[in-house]
Amino acid sequence: MFAERVLSGMRPTGNLHLGHYHGVLKNWVRLQSEYPCFFFVADWHALTTHYETPDVIEQSVWDMVIDWLAAGVDPNQATLFIQSKVPEHAELFLLLSMGTPLGWLERVPTYKDQIEKLKEKDLQTYGFLGYPLLQAADILIYRAQHVPVGEDQVPHVEMTREVARRFNYLYGREPEFEEKALEAVKKLGSKRAKMYLELRVAFQERGNEEALEQAKALLQEAQSLSMADRERLFGFLEGARKIILPEPQALLTSASRMPGIDGQKMSKSYGNTISVREQPDEVIKKIRTMPTDPARVRRTDAGDPARCPVWQLHTVYSNEETKQWVDKGCKSAGIGCLECKQPVIDAILAEQQPMFERAQKYLDDPSLLRSIIADGCDKARKIAQETMREVREAMGLAYD
Ligand code: TRP
Ligand code: SF4
């Protein structure tokens, strides 16, 4: 119905590390050539947990965008913007909040988890409770179909779907909807119109999901329809409602677990990270001082890669041949640990090389960065404004 769009956001709460690169950014880079992508800096979301230390956010915003660009996110393909520069997100958040049951927010698993986990912060706030609803507004305002997120964010996308469904149910009424929908059917041309109506009956009377999908595909292809008619026909398929805010889908990032320099998952809270643009001498130092299999006290002691965090990094960075060399050399004490670490160091430095090069352009000329974001904000804002016009109208707020 709506142009296929991908939307995702990231909170600017510190340096991006190689876990972000392998887990998120590589995926964004792949998606940007497949779909129109919208990637944004979720600075308001960062404030929900960092309202006492906003300077952290301020410092991270531009660095984070540089990291995205360094990783290969291409501003000529994807639209990059900052959440707070598109204030329509806040308006939609407010309007959605009117009809969102408190229970939906309290039930989101991240809510209680995070309050528990971030004990040093007082998250008993209105803003933090509203976090997933703000995220719903971020997604729905672009009527995005696909939302690439990690496992932990799936409940937020699920809630977004519920919010959209409820919104369409409450506000998707239109005077003479049925008549208008039938008029729109005619515009499909007689052959398509007949098929559409048959598929609709198959779904509504017999619950045939496949028919529903076919009918949606048919609408997707029908070029003769205006935007409003298309929305009506999508709504007409499933009931007598107009779909104003379509339901998005989570696009699960394949769970590539990036190990940190202690073998646990790489994460800022474990203090085991390597930044996307970590200086080479720091990378070398961090890897060289990494713990290894405790059984290898002396160079002559044999070890077992299964008990060594360095091995975890080999599984990310090394080919079969190198991994065999490690396995054999470790178990026979044929290689030393520093020797074993060298291919990992080389691979990380090689991975970072093009990132440093891409970043340099923006470090040399920050105005380039500002203009990419300014353009992205303009583009995002146009779409957001269009959605808000329809939302206000549907909610009876178009008095002028
Ligand atoms: N909550 C997301 C995270 O912590 C960030 C985010 C905010 C987001 N708004 C979004 C992600 C909209 C996807 C879509 O990672
Ligand atoms: Fe770990 Fe490699 Fe040393 Fe074995 S040789 S303990 S895998 S660093």
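How many bridges join strand 2 to strand 3? Four bridges join strand 2 (residues 37-41) to strand 3, and the two run parallel; strands pair if DSSP finds at least two bridges between them. Strands (E, at least two residues) and helices (H or I, at least four) are DSSP runs, numbered from the N terminus. Val41 stands opposite Ile82 in strand 3. From strand 3 (residues 79-82), Thr79 and Phe81 point one way, and Leu80 and Ile82 the other way. All are buried, that is, under 20% relative accessible area (1.4 Å probe, protein chains only).

The model is predicted: local features need pLDDT of at least 70, side-chain atom pairs count only at pLDDT 80 or more, and totals for chains, interfaces and linings use all residues. Residues are numbered from 1 along each chain as its sequence is written, chains are lettered from A and ligands numbered from 1 in the order in which they are written, and side-chain values use heavy atoms, without hydrogens and water.

An automatic or database assignment sets the domain bounds. It gives domain 1 (6-172 + 246-256 + 365-394), domain 2 (177-238) and domain 3 (277-363). The centres of domain 1 and domain 3, taken over C-alpha atoms, are 35 Å apart. Contact (heavy atoms within 4.5 Å) links 16 residues of domain 1 with twelve of domain 3. The area buried between domain 1 and domain 3 is about 1,200 Å², with 61% from carbon and sulfur atoms. Buried area is the accessible area (1.4 Å probe) that two parts lose on being put together, summed over both. In domain 1, Leu18, Ile66 and Ala70 lose the most area to domain 3, together 38% of what that side buries.

Definitions and conventions:
Buried means under 20% relative accessible area, exposed over 50%, partly exposed in between (1.4 Å probe, protein chains only).
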